[in-house]
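Could you walk me through this model, one selection at a time? I have the viewer open and would like to know what to click next.

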Amino acid sequence: MSAAAKIVSSSSTLDTPTDISAEGVKAISEQLNVIIADAFALYLKTKNFHWHVSGPHFRDYHLLLDEQATSVEESIDPLAERIRKIGGETLRSIGHVAKLQTIKDNNEAFVPPIEMLRQLMEDNKHIAASMRKAHEIADKYNDAATASLLENTIDDTEKRTWFLFETSRAGDNSGH
Ligand SMILES: [Fe+2]
């Protein structure tokens, strides 16, 4: 039995009608639930760094991380509702997030600012890869709407990666 199944018992009363096969609903929901758990974990990690960043670039980093936390938070609801639209079940608790998340929390008392940006960049790259896997699964079961939703969400995730990459590059005297 998977970790998710131990926490979430499936209920036929929540089985929204769909022409997607039961096997497809299960495969799509399982992969999307990992992405949702990672989004919750990344949201809190980004807010953690927004709250605890320090140093001469405080204002830039503090504001960037707040924008990014909002972007991550906005990805959650459409993905969870997508699962319900096809009759799957999604997350119910922080405990469920902890069971499913695949990115690491950071509970260090102090993290250097560049390290914060680089960790978040790697986390966003990891989540984009996980979304590409979900897109493949959606394609396999002809779930065009999930694939389309993921295409936009991947683009938002890669925008965050881009900003984190550029912001954490070492500068030189040319202004680069
Ligand atoms: Fe804030």
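Here is a short tour, from the whole chain down to single residues.

**Before you click**

This is a predicted model, in which local features need pLDDT of at least 70 and side-chain atom pairs count only at pLDDT 80 or more, while totals for chains, interfaces and linings use all residues. Residues are numbered from 1 along each chain as its sequence is written, and side-chain values use heavy atoms, with hydrogens and water left out.

**The whole chain**

Start with the cartoon view. You will find 6 helices and 0 strands, in the order α-α-α-α-α-α from the N terminus. Helices (H or I, at least four residues) and strands (E, at least two) are DSSP runs, numbered from the N terminus. The C-alpha atoms fill a box of roughly 60 × 30 × 20 Å along the principal axes. Of the 176 residues, 43% are buried. Buried means under 20% relative accessible area, exposed over 50%, and partly exposed in between, with a 1.4 Å probe and protein chains only; the areas come from the Shrake-Rupley method, and for residues only the protein chains shown count as cover.

**The nonpolar core**

Next, select Ile 28, Leu 32, Ile 35, Ile 36, Leu 150 and Leu 164. Among the 38 residues of the largest nonpolar core, these touch the most other members. Helix H2 (22-52), H3, helix H4 (94-100), helix H5 (113-140) and H6 each give two or more residues to this core, and H2 supplies the largest share, 10 residues. A nonpolar core here is a set of buried Ala, Val, Leu, Ile, Met, Phe, Trp, Tyr and Cys residues joined through side-chain atoms within 4.5 Å. In soluble globular proteins, nonpolar side chains tend to be buried together.

**Salt bridges**

How many salt bridges are there? The count comes to 8, where a salt bridge is a side-chain nitrogen of Lys or Arg within 4 Å of a carboxyl oxygen of Asp or Glu. Show the side chains of Lys 47 and Asp 66, which meet at 2.6 Å, N to O. This pair links distant parts of the chain, with Lys 47 in helix H2 and Asp 66 in helix H3, 19 residues apart. Lys 47 is buried at 15% relative accessibility, whereas Asp 66 is partly exposed at 26%.

Now move to Arg 132 and Glu 158, whose salt bridge spans 2.8 Å, N to O. Arg 132 lies in helix H5 and Glu 158 in helix H6, so the pair ties together parts that are 26 residues apart in sequence.

**The negative patch**

Colour Glu 73, Glu 74, Asp 77, Glu 81, Asp 155 and Asp 156, which form a negative surface patch. Helix H3 (58-85) and helix H6 (144-167) each give two or more residues to the patch, and H3 gives the most, with 4. Patch residues have over 30% relative accessible area and no salt bridge; like charges are joined within 9 Å, and nonpolar side chains (Val, Leu, Ile, Met, Phe, Trp, Tyr) within 5 Å. Asp and Glu count as negative, Lys and Arg as positive, and His and the chain ends are not counted. The place of a charge is NZ of Lys, CZ of Arg, CG of Asp or CD of Glu.

**Last stops**

Is Thr 146 buried or exposed? Thr 146, in helix H6, is buried at 1% relative accessibility. Finish at Asn 142, in the loop between H5 and H6. Asn 142 is exposed, at 69% relative accessible area, and has a positive phi near 55°.

Notes: Accessible areas come from the Shrake-Rupley method with a 1.4 Å probe; for residues, only the protein chains shown count as cover.
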